[in-house]
Amino acid sequence: KDAPQTLPKFTRSLEITNPYLPLASLKQDILQNEKERVERTATPEIHKTFRLGGQTVEALTVEDREFNAGGELIEATRDYFAQDDDGNVYYMGEDVDEYTHGKITGHSGAWLFGKDTQKLGLMMPAHPKVGDKFKSEDAPPITWEQDEVISLSEAVTVPAGTFQNCLKIKEIASDGDTEFKVYAPNVGCVKEIEGTNPLSLT
């Protein structure tokens, strides 16, 4: 009963070509600041499928490996994304491994569509507009997130370059934290702002 009334169709779910989140062309992005480094790598060799109504939806796997300032791995996350036929990118869940001194010590925040929730997470609308509100994660009590498009005209300069006409999304997480993410057209996420020390694409 929690499923949307009109289910999106996924006939080419791995072809994620949304201009603000073109994951189909991602090889590796690196975002970092003085305290941490995140290596974001597409891993198409990892296959993950989900059932949605009568459809089998194959998701693209993106691995995030987070390192502290000392270069120690503290978390590895496998995120699963699929694009529907209209160009919306959905977040299908994540597998999480938390590390302490090189050993897996937990899986906090992990969730999967179809197992922990029947609600698709909308990661990126096909045609975002200022004021659009959606949830990229909707798996209570594990996690949920409220997202709002607040700009389509951001200009940002990061080590990787200067980007114009960027999309800025405000995210409020289930723990109450607020974060902003900036997406450059045909590039993807170039900046994540939480607190005063943003992660920037290098």
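A: Happy to. In this predicted model, the chain has 15 strands and zero helices. Its radius of gyration is 16 Å, close to the 17 Å that the globule rule gives for 202 residues, so the chain is as compact as a globular protein of that length. The C-alpha trace spans about 45 × 40 × 35 Å along its principal axes, and buried residues account for 48% of the 202 residues.

Now to the core itself. The largest nonpolar core holds 34 residues, and Leu23, Phe81, Met92, Met124 and Tyr183 are those with the most contacts inside it. Elements that give it two or more residues include β4 (55-68), β5 (73-83), β6 (89-100), β9 (121-124) and β12 (161-173). Apart from this core lies another, of 11 residues, with Val158, Cys166, Val190 and Leu201 among them. In soluble globular proteins, nonpolar side chains tend to be buried together.

Leaving aside residues up to four places away in sequence, Met124 touches Asn18, Tyr20, Leu21, Gly87, Asn88, Val89, Leu167, Ile169 and Tyr183.

Lys168 is buried yet has no salt bridge: Glu154, the nearest side chain of opposite charge, is 4.0 Å away. Beyond residues up to four places away in sequence, the contacts of Lys168 include Glu148, Ile150, Glu154, Phe180 and Val182.

Methods
Residues are numbered from 1 along each chain as its sequence is written. This is a predicted model: local features need pLDDT of at least 70, side-chain atom pairs count only at pLDDT 80 or more; totals for chains, interfaces and linings use all residues. Side-chain values use heavy atoms; hydrogens and water are left out. A nonpolar core is a set of buried Ala, Val, Leu, Ile, Met, Phe, Trp, Tyr and Cys residues joined through side-chain atoms within 4.5 Å. Buried means under 20% relative accessible area, exposed over 50%, partly exposed in between (1.4 Å probe, protein chains only). Helices (H or I, at least four residues) and strands (E, at least two) are DSSP runs, numbered from the N terminus. Contact means heavy atoms within 4.5 Å. Lys and Arg count as positive and Asp and Glu as negative; His and the chain ends are not counted. The radius of gyration is taken over C-alpha atoms; the globule rule is 2.2 Å times the number of residues to the power 0.38.
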